[in-house]
Amino acid sequence: FEAELSADAFQLMGMAERGYLPKIFQKRSRYGTPTTGIIVGTMVIIMFGCADFGQLLELLNANYAVSLLMEYAAFIKLRLFRKELERPYRIPLPDWAAVLIAVPPCLATIAIILISNWYVYIFTFGAIICGIFFFKVGDIAKRKGWFEYEVKTRGYAMPPMDDSSSGVETFDPLSSDVVNHEGEWEYREDNRIT
């Protein structure tokens with residue numbers, strides 16, 4: 001429970017740092033925890049806390065299956081149409097084989113969705129519609145200035161790869177370049193994640 005709450009809160013904070021959510025989601029407590037993300041996550045957990053565990057498990061699995069289908073679709077689209085993008089790792093297969101390895105998990109994921117109950121279909125469809133709605137509202141809010149958005153650039157989108165022959169340093173997730181100044185968190189200015 002605690003790990004899920006923390007992961008979701010930091011994901012909301014990361015989305016705010018990239019400009020996808022309002023700046024309020026970037027706010028951290030004096031301990032470095034994403035305050036707004038924790039509050040929103042707790043509210044969602046309380047709302048779903050009254051559901052039957054079996055139904056809740058089925059709803060969450062179906063929504064996760066839909067997100068997996070979106071990830072597979074993104075993998076295929078990027079692999080076929082955006083070959084020039086820099087990636088931390090590229091599957092060493094030809095394009096047709098990379099697409100082919102995505103077919104069995106896609107079929108299994110679709111099968112899981114098909115054997116679900118009617119309320120799962122309604123909930124999943126509602127979640128997709130809400131996601132599209134909130135995306136459009138967020139876009140309108142950015143253009144009209146309803147909320148303050150700020151993009152924090154922190155260097156690489158992904159940590160640098162460890163390649164001693166190229167002179168790139170190893171990524172160390174335990175090293176900290178985050179500094180707390182009166183409750184505000186800043187990142188080092190050398191434009192790289194360490």
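## Burial and the model

A residue is buried when its relative accessible area is under 20%, exposed when that area is over 50%, and partly exposed in between, as found with a 1.4 Å probe on protein chains only. This is a predicted model, in which local features need pLDDT of at least 70 and side-chain atom pairs count only at pLDDT 80 or more, while totals for chains, interfaces and linings use all residues. Residues are numbered from 1 along each chain as its sequence is written, and side-chain values use heavy atoms, with hydrogens and water left out.

## The chain as a whole

The protein chain contains five helices and two strands. Helices (H or I, at least four residues) and strands (E, at least two) are DSSP runs, numbered from the N terminus. Read from the N terminus, the order of elements is α-α-α-α-α-β-β.

The protein chain has 194 residues, and buried residues make up 23% of them. A contact means heavy atoms within 4.5 Å. Among the contacts in the protein chain with a separation of 6 or more, 53% join residues 24 or more positions apart.

## Helix 1

Helix 1 has 16 residues, which at 1.5 Å a residue should span 22 Å; its end C-alpha atoms are 22 Å apart, in agreement. The expected span of a helix is 1.5 Å times one less than its number of residues. After helix 1 comes G19, with a positive phi near 90°.

The buried residues in helix 1 include L5, A9, M13, G14, A16 and E17. Seen down the axis of helix 1, its buried residues fall within an arc of 165°, so they line one face of the helix. The arc is that of the directions from the helix axis to the C-beta atoms. As background, an α-helix has 3.6 residues a turn, so residues three or four places apart point the same way.

## Helix 2

Helix 2 covers residues 35-48, which is 14 residues. From its first C-alpha to its last, helix 2 reaches 20 Å, close to the 20 Å expected at 1.5 Å a residue.

Which residues of helix 2 are buried? They are T36, G37 and G41. Viewed down the axis of helix 2, these buried residues fall within an arc of 130°, so they line one face of the helix. They pack against helix 1 (2-17). On the other side of helix 2, M43 and I46 are exposed.

## Helix 5

Helix 5 runs over residues 118-144 and has 27 residues. The distance from its first C-alpha to its last is 39 Å, close to the 39 Å expected at 1.5 Å a residue. G145 follows helix 5 and has a positive phi, near 75°.

In helix 5, the residues Y119, V120, T124, G138 and A141 are buried. Helix 3 (53-81) is included in what covers the buried residues of helix 5. D139 also has its place in helix 5, and D139 is partly exposed, with a relative accessible area of 35%. D139 and Y20 are 119 residues apart in sequence, while their C-alpha atoms are 8.8 Å apart in space.

## The loop between helix 3 and helix 4

R82 is found in the loop between helix 3 and helix 4. R82 is partly exposed, with a relative accessible area of 38%. Leaving aside neighbours within four places in sequence, R82 is in contact with K77 and R87.

K83 is found in the loop between helix 3 and helix 4 (95-114). K83 is partly exposed, with a relative accessible area of 44%. Neighbours within four places in sequence aside, K83 is in contact with L78 and D95. K83 and D95 are 12 residues apart in sequence and 10.0 Å apart in space, C-alpha to C-alpha.

## The largest pocket

On a 1 Å grid over the protein atoms alone, a cavity is a set of points where a 1.4 Å probe fits but cannot get out, and a pocket is an open set with protein on both sides within 12 Å along at least five of seven lines; lining residues have an atom within 4 Å of a point. Grid points are joined across faces, edges and corners, and a volume is the space filled by probe spheres set on the points. The largest pocket holds about 2400 Å³ of space. It is lined by 40 residues, of which Q11, L12, M15, V44 and G131 are the closest to its centre.

Helix 1, helix 2, helix 3 and helix 5 each supply at least two residues of this lining. Which helix gives the most to the lining of the largest pocket? Helix 5 does, with 12 residues. By class, the lining has 27 nonpolar, eight polar and five charged residues. Here Ala, Val, Leu, Ile, Met, Phe, Trp, Tyr, Cys and Pro count as nonpolar, Asp, Glu, Lys and Arg as charged, and the others, Gly among them, as polar.
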